[in-house]
Amino acid sequence: MPFDNVKLNDGHEIPAIGFGTGSALYGKDARDYVVQAVETGFSHVDTAQIYRNEDSVGEAIRDTGLSRKELFVTTKYGSGPIQETVRESLTKLGLEYVNLYLIHFPTAIENDVEGGWREFEKIKEDGLAKSIGVSNFNVEQLERLVKIAKVKPAVNQIRFHPYNYAEHRSLLEYSAKHGIVTEAYGSLAPITSLPGGPVDAPVNAAAKRLGITPTQAILLWVRAKGAVIVTSVPPIPLSPSPQSLILKSRTSRSEQHLKEYLAVADLPSLTSEEVAAIDEAGAQGPPKKLRQKIWHAVGTLAATAAVYTLVSLLRKAGASAAL
Ligand SMILES: NC(=O)c1ccc[n+]([C@@H]2O[C@H](COP(=O)([O-])OP(=O)(O)OC[C@H]3O[C@@H](n4cnc5c(N)ncnc54)[C@H](OP(=O)(O)O)[C@@H]3O)[C@@H](O)[C@H]2O)c1
């Protein structure tokens, strides 16, 4: 059974899992990946102006042979005149409309929030996007927008995983109050970029109880939080094997992951105790070693900057003395 659709505050619906063409597919030809995702069962594709692959996403959409109504397509505005930019994206995608058009990050309209959002409302009014929303907005930025909006944003797409849940709690509550659906990207961080931390134990325990993978347990946690999942697969791995073998291994590995993600639709929910255990473990923060590494890097950078500034000041002082 496929994932359910989630109702948006403008009456439209969004499939509860989407295939993303950012991150690992940034700037790459995404055609084969999107075709594979759709053939495996995804009906929701997420791209963006700045991913520089809308044209290959469009090619994939045509090549799947699906009717427009069978696919949910999101793209995002990054920069440039808004009306021209959305039309450029539509041309690249080969579509008359996208299902969802997002402001990719708050700075994209920071000089004129009201003017920017009016342009977005016009895009919806003109039928170029069925729904409009934002991405990477915090509570204050959403509040500013909601205050002036005639059409409230339908979604806020954010990086969302157990290690930043505590930080995002008020954002999720504010969004729910205004009917703004949270879309979650980067949710697999406890496996991909922050492994070995406190979240592993409760995730593994839930996975063991249900006989599923830790990846699926995390996606169940995201589902328990009421968020729409946006996930992806990696591009062709660097490997010394011949091209055909690389492609074959990439294709089957991606297919495996895609099936693993989609199978979450049919899994039973985590218990409230399991969700709470993941929340609590996440609130302890990511693995210490990684935090130490980050702090070390920040410390080294700050020290380098301080030395550089001191040397410049001494040089300047020396130069003025010489004058
Ligand atoms: N709005 C924004 O600003 C923004 C920012 C970033 C991303 N996004 C969107 O969100 C999409 C997904 O982002 P994401 O890549 O951060 O998603 P993600 O769901 O956190 O990570 C997906 C990656 O997880 C890896 N993975 C899955 N299961 C695994 C396992 N068992 N072990 C190890 N690795 C595993 C896969 O790589 P392997 O197969 O190599 O393991 C895959 O590439 C993007 O494509 C983009 O559309 C939006």
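Two strands count as paired if DSSP finds at least two bridges between them. Helices (H or I, at least four residues) and strands (E, at least two) are DSSP runs, numbered from the N terminus. The model is a predicted one: local features need pLDDT of at least 70, side-chain atom pairs count only at pLDDT 80 or more, and totals for chains, interfaces and linings use all residues. Residue numbers start from 1 along each chain as its sequence is written.

View 1. Of the 323 residues in the chain, 38% are buried (20 or more other C-beta atoms within 10 Å of the residue's own; exposed means 12 or fewer, partly exposed in between; C-beta atoms are placed from the backbone). Two residues are in contact if their C-beta atoms, placed from the backbone, lie within 7 Å. Among contacts between residues at least 6 apart in sequence, 76% join residues at least 24 apart.

**View 2. A closed barrel of eight strands, in the order E3-E4-E5-E6-E7-E8-E9-E10, with parallel pairing.** On average, neighbouring strands of this sheet are turned by 30 degrees against each other, direction ignored. Helix H3 (residues 82-93) packs on the sheet and touches strands E5 (72-77) and E6 (98-103). The direction of H3 makes about 140 degrees with that of E5; axes are lines fitted to C-alpha atoms, for helices over the stretch in contact, and angles run from 0 to 180 degrees between N-to-C directions.

**View 3. Strand E3 (residues 17-20) and its pairing partners E10 and E4.** Both faces of E3 are covered: Ile17 and Phe19 are buried on one side, Gly18 and Gly20 on the other. E3 runs parallel to E10, joined by three bridges, and Ile17 has Ile229 of E10 as its bridge partner. With strand E4 (residues 44-46), E3 pairs in the parallel sense over two bridges; here Phe19 stands opposite Val45.

**View 4. Strands E7 (residues 129-135) and E8 (residues 155-159).** The two strands run parallel and are joined by two bridges. Val134 stands opposite Asn156 in E8.

**View 5. Helix H1 (residues 31-40) and the residue that follows.** The buried residues of H1 are Tyr33, Val34, Ala37 and Val38. They cover an arc of only 130 degrees around the axis, which puts them on the same side of H1; the arc is that of the directions from the helix axis to the C-beta atoms. Gly41 follows H1 and has a positive phi, near 135 degrees.

View 6. Most residues other than glycine have a negative phi. Ser23 counts as partly exposed because it has 16 C-beta neighbours inside 10 Å.

**View 7. The shell of 25 residues around the ligand.** A residue belongs here if its C-beta atom, placed from the backbone, lies within 6 Å of the molecule. The closest are Gly20, Gly22, Tyr185, Leu188 and Thr231. Helix H7 (189-192), strand E10 (228-231) and helix H10 (243-262) are the elements that give two or more residues to the shell, and H7 provides the largest share, three residues. The shell divides into eight nonpolar, 15 polar and two charged residues (Ala, Val, Leu, Ile, Met, Phe, Trp, Tyr, Cys and Pro count as nonpolar, Asp, Glu, Lys and Arg as charged, and the others, Gly among them, as polar).
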